[in-house]
There are 2 protein chains.
Amino acid sequence: MRVFIAGIDGYLGWALAQYLVVRGHTIAGNDTFYRRQWVEEMGSCSAIPISDIAQRLAAFREQFGETILFREGDLLDYAFLKSFLQEFQPDAIVHLAEMPSAPYSMMDQAHAVFTQNNNVIGSLNLLWAMKEVCPDAHLVKLGTMGEYGTPNIDIPEGFFEVEFRGRKDKLPFPRQANSFYHWSKVHDSNNTMFACRVWGLRATDIMQGVVFGTRIEEMRNSALLRTRLDFDQCFGTAINRFCCQAVIDHPLTIFGGGGQTRGFLPLRDSMQCLAVTIENPPERSEYRVFNQFEECYTVEELAYIVQTVGNQLGMGISVQHYDNPRKELDEHYYNPDRNHLINLGYTPSHDVKAEIRIMLQDLLHHKDRIAEKRDVLIPDIRWDGSRKRANVIDQTIAHP
Amino acid sequence: MRVFIAGIDGYLGWALAQYLVVRGHTIAGNDTFYRRQWVEEMGSCSAIPISDIAQRLAAFREQFGETILFREGDLLDYAFLKSFLQEFQPDAIVHLAEMPSAPYSMMDQAHAVFTQNNNVIGSLNLLWAMKEVCPDAHLVKLGTMGEYGTPNIDIPEGFFEVEFRGRKDKLPFPRQANSFYHWSKVHDSNNTMFACRVWGLRATDIMQGVVFGTRIEEMRNSALLRTRLDFDQCFGTAINRFCCQAVIDHPLTIFGGGGQTRGFLPLRDSMQCLAVTIENPPERSEYRVFNQFEECYTVEELAYIVQTVGNQLGMGISVQHYDNPRKELDEHYYNPDRNHLINLGYTPSHDVKAEIRIMLQDLLHHKDRIAEKRDVLIPDIRWDGSRKRANVIDQTIAHP
């Protein structure tokens, strides 16, 4: 299939290009390189060194014998987007071109507006361009499990049968996001659902859990094929950040009680899920929602797993609780479905410890880079709009 | 109270300034005059002649002995917005500064993007400015009953108790809007709900029905105090358009079967509801949703009422059914609540015929203006993204 990856230079995009080409797909993609700029703005860098796009594209050609049709450009530039899609005529479009950080969107007015403008208008342009240029293509839209928030009932995949005052209907499941970033993804989901209904587009809206991992098999040992990995307060997500902390003897940082439960999945599972989704497109007019994660964990459980694996590798790892800069529940019910992908053939890897072992071994090679930027590990962006560095509230070994 | 009206030059804004000043409130407001430009872009004009803002402000001062603090400027200009709020220090902010037309937002990519950018980012700026400048003020945010769409169950006011797989929670009621405009209001509702939760702002999100009417008492017979009234396909809503058609002997235009049911309210009821809302603010951190309409009618019923009243005034009025340029259900269940405003003291006027009689009499004075623009009465903006003039599918007298 002809697969267009919007945001092909990012953490998921660069891995996905490799995963898909090995499966026989033809790849094109765009990027603005904003992610590189945002991480620099946070005073940080990728823990895994990454090369520039020209080197990446050359290495890709050499490794896989296939060329990526790449153009630098922005989904907000409608003329660029439309003519690129016209040229490539994709069967599927994977939309990874959004600003993906909750804290970044909560920093101040300018960052909140940037986030919602970039994400909502970029996605809206993509819907229009598909309608005008390739209405038969399949949009694989990356949303987030964070769109749902933490309701006190099970979380179905996008829709639920509801009975209210004696009447029944099947309705979109209510969203209760917790940052302007997460809400931007809800806005996108809504626009996408509407475009399918009104124009007959087809889309899969993926409510993805938090992705972790430093590699997939396809990267082999090529430094040029490796994907980025961030650890700063905005772009470094839980397990990735814990592993970076572990290799520089920094305590693992838990914000609040650590009982916050979320869905997680290794990078290789994310790639598998995206490929399964692309290779099993929905019908025209169909808008389907997939919850995509391997397993749910509390933050505290994850810290314990990283600690256990690190100990086996001879690392002595402590855990620190900080006051939570976010406004979120420490303890809550959390029981999301994830049947749709499994029904299509997704096989969860179910070995988080093996994955974390690989990550720690990979990251040990780059501990100096991480140590140099260790200041970025403690957040100061607070949900009340202020900037104040989180404080240690206690220091414990996570579990006996 | 000190009330800031964003979009004070519009259909509701200009009437509201008068309604509130008579009740003793102090008024400030901004406008971009975009509404005047959009209607001109549609090749139309206000059926009721309106004067420029300088004349309006002078007439207001003369009539009511009070001055409106007015500035021309855009909610998208954050520096402007912030300094204006800083200067005025409002107790309440009524947000009427959004692009309010569904067809306008469905015209093409540029108009869809304009709509969501203007509405979502403008509202997001307003939330940030309130947080930074006047966090205690009460945001009265105009949404629309169209956010809900037409679910097959009752429509509560914003939230509902739901039982799912044996567990219960109170959740936001799912939205199923039917244009990029209506979705922009959903996006706003979501951002507003979040800002109340995370920053402790207070807001009333008004799901307003379709407003009709040519005047409120406060305007007396002053030509300079009259508010605009549109009849083009984008900015002319059902009853207003029917009345304009009636006075120029144009058949009343029903799109599709006419069984589409919506909530409607006269301009004077809209003013009463907004005043009741402003004068009864919610607590800090409270986000409340009011469904605001006087009564629900099918489009066919409304055409019949206009026909009946027109006949009493000696007008011979026919009705034409056209193919529907929108993609919507002709027949559907519709049973929204509207208890919150009634509980606060809103008294529905319950005399739609009297209101329509006044409208027809007012509009008869301006039949030449309307007749000159009669081409704008038939829509050509279709929900499939094409432009094709609606066709007559039959011609009937609405009822025996």
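This is a predicted model: local features need pLDDT of at least 70, side-chain atom pairs count only at pLDDT 80 or more; totals for chains, interfaces and linings use all residues.
I'll start with a pair of strands in chain B. Strand 6, residues 159-164, and strand 7, residues 167-172, pair in the antiparallel sense over six bridges. Strands 6 and 7 of chain B form a hairpin, with two residues between them. In that turn, B:Arg165 has a positive phi of about 50 degrees.

How many residues of chain B are in contact with chain A? The count is 40, and they touch 40 residues of chain A. By residue class, the side of chain B that touches chain A divides into 22 nonpolar, ten polar and eight charged residues.

Next, how the two chains are related. Chain B is superposed on chain A by a rotation of 180 degrees, with 0.0 Å of shift along the axis and an RMSD of 0.0 Å. The two copies are therefore related as by a two-fold rotation axis. As for the contact surface, 100% of the interface residues of chain B are also interface residues in chain A, so the copies meet through the same surface.

Last, a sheet in chain A. It is an open sheet of three strands, in the order 9-11-13, and the pairing is mixed. Which strands are at the edges? They are strand 9, residues 210-212, and strand 13, residues 295-298, of chain A, and each pairs on one side only. On average, neighbouring strands of this sheet are turned by 45 degrees against each other, with direction ignored.

Within that sheet, strand 11 of chain A, residues 261-266, pairs with strand 13 of chain A in the antiparallel sense over four bridges. One of the facing positions is A:Phe264, which stands opposite A:Glu295 in strand 13 of chain A. A helix also packs on the sheet: helix 9 of chain A, residues 267-279, touches strand 9 and strand 11 of chain A. The direction of helix 9 makes about 80 degrees with that of strand 11 of chain A.

I'll stop there and take questions.

Note on methods
Residues are numbered from 1 along each chain as its sequence is written. Chains are lettered from A and ligands numbered from 1 in the order in which they are written. Two strands pair if DSSP finds at least two bridges between them. Two residues are in contact if their C-beta atoms, placed from the backbone, lie within 7 Å. Ala, Val, Leu, Ile, Met, Phe, Trp, Tyr, Cys and Pro count as nonpolar, Asp, Glu, Lys and Arg as charged, and the others, Gly among them, as polar. Axes are lines fitted to C-alpha atoms, for helices over the stretch in contact, and angles run from 0 to 180 degrees between N-to-C directions. Copies are superposed by least squares on the C-alpha atoms of residues with pLDDT of at least 70 in both.
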